Structures are given as C-alpha cells and as structure tokens.
Amino acid sequence: MIGHIKEEIVTKPFYMRDKDAYEIYEMFHTREALHRRAYQHRVCKVIERMLVDIFLLADKHIKLRTSEGPSSLRLSEVYQDPSVYTRLNDSILDIIGTSYEPELEPAQKLVERLERRQLYTFVGAASPCDGRLQISDSDIEKKLISYLDPKDSFIQPSDVVVTSIHVNFGQGDKNPLEFVRFYTKCNPDVAKPIRKEEISKMLPDRFTEEVIHVHSKRRDSAIVEALKRCLDKFCEDNLFLRHAAENWFSTVPALNGVDK
C-alpha cells in the first residue's frame with residue numbers, strides 16, 4: 001500500500017497556473033542557492049571530512065554497550081543495533097576528547113583543531129569543463145600526489161584532501177520546469193509544459209554544477225604551494241577549469257597568508 005502511494009506521488013505531475021511559472025522556477029533556484037551557500041558550503045564539507053577522520057581514528061578504541069548484555073560495538077558497527085544508534089549524538093566528541101586512553105590521542109588532537117577552527121587548509125577549487133565530474137575524490141587525490149616534484153617528497157598522500165560539491169535545481173542536469181504542467185485561466189482543463197524562453201530569456205542554460213575543493217591536512221605554507229602547482233597541472237591534463245580563490249565557496253578569513 002505504501003509503495004503504491006509513493007509511486008502515485010512520484011509519477012503524478014504538478015499542475016500550476018501559468019502566471020506562477022517564474023515563482024516555481026525561483027523555488028528550485030532557492031534550493032540550489034541553499035546548497036551552494038549553506039548545505040554544501042566549502043567549510044561545511046571540510047568539517048564533515050574532519051569529523052569522518054576523527055571517527056576513523058577513534059573507531060577501534062571506542063566501545064558502546066549494546067542493548068543485549070555486556071557485548072559492545074565499535075563506532076562503525078553501531079548501525080547494527082538501533083537502540084545504540086538512536087542514542088548516538090554529538091556527545092561522542094566529548095567522550096573522545098576527554099578520554100584518558102592514549103590510543104585516542106590522534107583523534108583528540110583533531111577534535112581540538114576542530115574546536116579551535118584550525119580546519120584543513122584550503123588549496124584551491126576547480127570544475128570539469130564539460131560540467132560532469134566523472135572521477136572520484138580518492139582518485140583525484142592520487143592524481144594530485146602523482147604531480148609532486150621530487151623536492152616535495154616530504155608531502156604524504158594522507159596530507160591531501162579532496163571534497164566534491166554537486167549542486168543542481170533538483171532534477172540533475174535537467175530544467176525542473178520540464179516536469180511541471182501549467183494551465184491557463186481561459187483553459188483550466190488543459191495543462192502543458194512551458195518552454196524556458198516563455199518564462200524569461202534570462203534563465204540559465206545549465207542546471208547543474210560540480211566542483212572539487214582541495215585541502216591540505218597540515219597547515220604548512222610549503223605544502224599548500226606545492227599542492228597548488230599540482231592542482232594547476234591536474235587541471236591542464238584533465239580539462240578542468242581552475243577557479244579563482246574568491247569564487248564559489250572559497251571566501252574565508254586568512255591566517256598568516258593561508259586560508260583557514
């Protein structure tokens with residue numbers, strides 16, 4: 001029954017008055033803007049990555065008691081017990097940060113960096129010229145490392161962090177208004193699509209954008225400069241457009257000439 005209702009909701013088109021076409025477009029545009037400026041902001045993405053690294057470092061050393069007796073689960077295993085998973089909240093960072101377990105020291109240092117807003121250092125941003133990101137973040141990290149000069153051997157593969165941003169208007173690379181039907185006041189029983197040009201000639205031709213952001217885990221200006229050169233070479237060889245530092249989500253306060 002639920003599946004049938006879901007199918008009806010998904011397949012049934014929207015019917016709106018033709019005069020509201022631009023407002024409907026603005027609704028989808030607002031969705032895109034929220035992802036661009038908030039949900040997938042560069043700083044949000046790098047904090048997410050730091051949290052993942054904290055949990056990976058702490059995974060083997062944090063045990064959570066299950067609802068069935070004295071057995072316990074690692075952080076990466078709590079999804080197996082809903083009663084434990086639903087109790088998991090931000091306090092896990094306090095548990096890691098205040099633990100006396102020496103094995104948790106690397107994770108604790110990263111928690112302290114996060115609290116002090118000493119985030120992974122921003123290196124640069126780029127986007128594929130054809131608009132489609134067809135390579136994973138981990139593969140980009142490997143390619144960037146492969147461009148290092150011999151003199152930059154002090155840089156480790158683990159120093160490089162790549163996060164990708166995927167923003168659209170809700171229908172992938174398609175115009176969302178193609179999925180909405182409009183009726184007129186004179187003919188309310190007939191609904192049909194409206195061409196983009198009928199709404200405004202200023203609407204975009206492309207409705208999706210994908211961008212990569214490169215960061216350095218270590219706050220070292222020599223590493224940042226070396227990775228900038230690697231990113232330039234990567235863009236030349238892989239048809240990526242290198243972004244200026246102030247474009248996209250890149251504007252953040254600087255500390256001693258290095259972005260936070």
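## Helix α9

Asp-220 caps the N-terminal end of α9, with a side-chain oxygen 2.8 Å from the backbone nitrogen of Ala-222. Helices here are DSSP runs of H or I of at least four residues, strands are runs of E of at least two, and both are numbered from the N terminus. This is a predicted model, in which local features need pLDDT of at least 70, side-chain atom pairs count only at pLDDT 80 or more, and totals for chains, interfaces and linings use all residues. Residues are numbered from 1 along each chain as its sequence is written, and side-chain values use heavy atoms, with hydrogens and water left out.

Helix α9 covers residues 221-238. Its 18 residues should span 26 Å at 1.5 Å a residue, and the end C-alpha atoms are 25 Å apart, which agrees. The expected span is 1.5 Å times one less than the number of residues. Buried residues of α9 include Ile-223, Leu-227, Leu-231 and Phe-234. Buried means under 20% relative accessible area, with a 1.4 Å probe and protein chains only. Just after α9, Leu-239 takes a positive phi of about 55°.

## Nonpolar cores

The largest nonpolar core has 22 residues. Such a core is a set of buried Ala, Val, Leu, Ile, Met, Phe, Trp, Tyr and Cys residues joined through side-chain atoms within 4.5 Å. Leu-144, Ile-212, Leu-231 and Phe-234 touch the most other members. Two or more residues come from each of β4, α7, β5, β8 and α9. The largest share, 8 residues, is from α9. Another core, of 21 residues, lies apart from this one; Leu-64 and Val-84 are among its members.

## Helix α3

Helix α3 takes in residues 42-58. Its buried residues include Val-43, Val-46, Met-50 and Ile-54. The buried residues of α3 pack against α5, α6, β4, β5 and β8, where contact means heavy atoms within 4.5 Å.

## A three-stranded sheet

An open sheet of 3 strands runs in the order β1-β6-β7, with mixed pairing. Strands β1 and β7 stand at the edges, each with a single partner strand, so one side of each lacks a neighbour in the sheet. Strands pair if DSSP finds at least two bridges between them. Strands β6 and β7 run antiparallel, joined by 2 bridges. Phe-182 stands opposite Lys-192 in β7.

## Confidence

The protein averages a pLDDT of 88, and 88% of the residues score at least 70. pLDDT is the predictor's confidence in each residue, from 0 to 100. It stays under 50 over residues 1-6, which have 0 contacts beyond four places in sequence.

Terms used:
Buried means under 20% relative accessible area, exposed over 50%, partly exposed in between (1.4 Å probe, protein chains only). A polar contact is a pair of N or O atoms within 3.5 Å; within protein, one must be able to donate a hydrogen and the other to accept it, and residues adjacent in sequence count only if both atoms are side-chain atoms.
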